[in-house]
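Have a look at the picture, then read on.

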Amino acid sequence: MLDADAGLSVPVVKERKDARMRKSLGVLTVAGLLTGLAACSSGGQTGGQASGTAPITLSVAAFEGGGAEIADIPAINADFEKKYPNVKLDYKYVADAEFDQYNNTRLAAGNAADVLMTNPVRVRQWQSQGYLADLSDQPWVSQVLPNIAPFGEVAGKTYAFTQQNIPIGMYANLDILKAAGIDTVPQTWPEFVTDLQTLKDKGSNGLLLANLTGWTSEQWSLALAANILPENWGAGYDAGTSKWATTWAPVLDRTKQLLTSGLLDGKLMNGIEPFNTGLAQFNAGQWAFTIQGGWALQTVATTAKFNFSFNPVPGGDAGTKPKTFTFIGSGWGVNKASTHLQAAKDYVNFMTQEANDSRYLKAENCFSTLKNVPSPQMDKATAVVDAFNDSRTSPSQVEFLKFPSVESEFWKVGMSLFNDPSQATGDLLNQLDQAVPKTN
Amino acid sequence: MIRRRSALLLILPAGLIFFGFVIYPLLRGLQLSLTDASGMGGGKFVGLDNYLAILKDRTAMTALRNTAVYTVVVVVVQNGLALLVAFWLYKLKRVRNIVRAGLLLPAMMAFVAVGYLWSFIYSPLGGPLDTVMDALGLHSLEKVWLGDPNMALMAIAAVYIWMYTGYSATIFLANYLAISPSLMEAAELDGASGWRRFRSIDWPLLAPSLTINITLSVIGSLRVFDLPFIMTSGGPINATQTLSLVIYSRSFTDFRFAYGTALAVVLLLLTAIVGVTQATLLRRREVDL
């Protein structure tokens with residue numbers, strides 16, 4: 001092979017070599033840019049493809065899966081990465097109290113996580129700005145229980161998979177009841193009042209409604225409402241067909257009955273913090289009954305040195321079966337601006353599959369929100385599970401209302417009633433009608 | 001001219017940072033308060049609607065009243081107690097340094113930790129305060145401290161006073177120690193002691209520290225947030241609702257970000273007016289004395 005540079009002077013050869021090198025570098029640069037553009041282009045197209053293509057990092061922002069509420073999510077995430085080896089999860093846990101601050105600015109800036117943990121309020125708020133992807137065509141949508149479906153929908157389209165459907169009910173210390181000669185947990189309001197009177201006569205503490213901040217009086221009222229109010233009251237509020245005044249009067253009147261007869265010390269309850277002090281008091285075996293969510297089952301089971309059970313609040317008339325209610329909590333939505341839309345939808349879909357959803361439900365002591373996923377067995381909660389299986393469970397009435405501060409307005413009324421049970425029920429309910437506007 | 005240019009160059013970095021992190025956000029906040037933005041982008045101009053809505057917001061009005069009451073109580077009691085402690089420490093030279101370090105400890109604790117600690121202390125079931133009252137036979141003083149609407153705000157004010165009395169006392173004490181001992185000796189030789197000496201000598205000479213302490217406690221009280229947020233969430237029945245709490249709840253719970261910003265502007269104006277007025281009056285008093 002002839003050397004093309006043979007016979008040329010050294011400076012000329014060097015110049016030619018430099019020119020060739022520059023040319024090669026130019027070709028390499030162009031090739032590099034084209035490769036980069038191709039890669040970008042392929043990344044951009046990932047949104048329309050299945051998760052099993054190019055390697056991607058899928059970001060998830062959630063207020064569970066870390067801190068004090070693991071909910072078995074790290075294990076579920078690990079399985080997701082096994083099933084989709086090309087997807088690496090970037091899972092960010094942000095405490096619920098900071099979740100809106102964390103996400104809202106990012107959503108507005110277009111750089112929020114691909115998958116977002118939601119709740120009914122956030123679904124409405126975020127979708128009011130069009131931030132969530134329409135998931136109506138996803139396979140799990142047809143499996144969502146009819147009374148749960150509205151919490152993931154806006155204007156008839158599905159924007160989130162609602163996963164958390166957690167019972168709130170009455171914990172009973174069976175040893176205290178037995179000592180007072182009460183063999184079974186009361187099933188109706190008259191039985192409950194009689195049992196509280198028996199406990200009082202025997203010198204035992206009856207009902208603990210630790211109400212500092214007002215949350216507990218709201219849950220107590222919702223539990224009574226599940227037994228007394230028509231199930232469609234909440235759904236009709238923003239439509240203008242329901243009001244607080246008069247409909248909720250029987251609920252407040254039952255509470256007043258306990259407060260005025262000395263079976264419940266409202267002023268004392270208003271000073272007790274529910275999640276630490278109140279629960280600790282019950283776990284120490286000091287009280288016969290208290291109100292808490294299913295999330296407390298493990299804590300009570302591991303701490304209490306007595307027999308206990310978790311039951312629907314016996315708020316109905318004589319001869320009825322007790323009904324209970326659930327708090328509709330967290331779920332999963334997809335950021336519409338995600339560049340990995342398909343992978344994000346795959347993640348939500350993965351969460352709906354029985355093997356994964358069941359683990360979450362068991363860890364959280366939740367009922368299922370899907371027809372094809374059974375609810376987990378819950379030790380000590382047979383009565384609540386029976387109520388759910390017997391269709392005696394409905395979602396919290398206030399969660400149907402779109403006004404964001406509805407709960408804190410309710411807390412004020414509950415605390416006010418506990419502080420002064422002589423107030424007219426109608427005045428308190430009119431106050432709620434004024435404070436909670438119909439919202440669309 | 002060169003010196004002036006140098007001076008401008010020297011203040012430029014700080015000026016830019018101040019503009020970027022204080023003035024610009026302030027102007028953007030003012031602009032935001034005139035819209036209906038929900039905090040997630042967007043928002044159309046609504047003029048002064050948010051400010052007019054404040055006047056009709058019963059919770060905001062209650063919060064304004066609570067904030068004013070809280071500020072007056074904290075400023076008066078905290079500074080009164082701090083002055084007493086400083087006076088006592090000034091006289092007790094031997095224990096002064098040990099006690100002074102201890103006085104600052106509560107102010108060094110995080111509000112969140114203090115809030116939880118005092119929630120436990122105030123608890124009507126097993127809380128140390130009521131337990132002590134019970135043990136001493138003072139049953140009439142056993143209260144539901146945080147659950148009683150007539151008591152809750154003062155219970156929270158007491159915690160804030162507990163945290164910052166030592167801090168204020170340390171400032172008063174520093175002022176005391178700066179007073180020439182010969183002046184005090186001369187006053188005593190002239191027969192001025194006790195209340196007479198305090199009124200005629202100590203009080204006028206403590207004017208600089210009084211200005212600082214009152215300014216700090218007024219600003220700290222007007223923007224009170226952490227303690228009621230942790231201890232009562234503004235309850236019972238709005239009894240501990242403060243302006244900062246309402247700003248938070250309207251912005252981040254109700255998603256009425258523009259309205260929350262309008263409330264924040266009101267709080268800013270209130271703090272500025274009260275702060276500047278009292279600082280001016282106290283400075284004028286210092287000059288007069």
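In chain B of this predicted model, 73% of the contacts with a separation of 6 or more are between residues 24 or more positions apart. Of the 289 residues in chain B, 36% are buried. The C-alpha trace of chain B spans about 75 × 70 × 30 Å along its principal axes.

What does the secondary structure of chain B come to? There are 13 helices and 0 strands, and reading along the sequence gives the pattern α-α-α-α-α-α-α-α-α-α-α-α-α.

H12(B), residues 243–253, packs against H13(B), residues 257–288, with the axes 7 Å apart and an angle of about 165° between them. Angles over 145 degrees count as roughly antiparallel, so H12(B) is roughly antiparallel to H13(B). The crossing of H12(B) past H13(B) is left-handed. On the H12(B) side, the contact is made by Leu243(B), Ser244(B), Val246(B), Ile247(B), Arg250(B) and Ser251(B). Facing them from H13(B) are Phe257(B), Tyr259(B), Gly260(B), Leu263(B), Ala264(B) and Leu267(B). Sorted by kind, the residues of this contact are 8 nonpolar, 3 polar and 1 charged.

The table sets the two contacts next to each other.

| Contact of H12(B) with H13(B) | 8 residues | 3 residues | 1 residue |

Now over to chain A, where an open sheet can be found. Which strands form the sheet, and in what order? The 5 strands run in the order E2-E1-E3-E12-E6 of chain A, with mixed pairing. E2(A), residues 87–93, and E6(A), residues 160–162, are the edge strands, each pairing on one side only. From one strand to the next, the twist averages 20°.

Within this sheet, E3(A) (residues 115–118) and E12(A) (residues 331–334) pair in the antiparallel sense over 4 bridges. Thr118(A) stands opposite Gly331(A) of E12(A). Helix H13(A), residues 341–352, packs on the sheet and touches E1(A), E2(A), E3(A), E6(A) and E12(A). The direction of H13(A) makes about 165° with that of E12(A).

How values were computed:
Residues numbered from 1 in each chain as written. Chains lettered and ligands numbered in written order. Predicted model: local features only at pLDDT ≥ 70, side-chain atom pairs only at ≥ 80, totals over all residues. Axes fitted to C-alpha atoms, helices over the stretch in contact; angles between N-to-C directions. Helix = DSSP H or I, 4+ residues; strand = E, 2+ residues; numbered from the N terminus. Parallel < 35°, antiparallel > 145°, perpendicular 65-115°, else oblique. Left-handed = near helix turned anticlockwise from the far one by under 90°. Contact = placed C-beta atoms within 7 Å. Nonpolar A, V, L, I, M, F, W, Y, C, P; charged D, E, K, R; others polar. Buried ≥ 20, exposed ≤ 12 C-beta atoms within 10 Å, placed from the backbone. Pairing = 2+ DSSP bridges.
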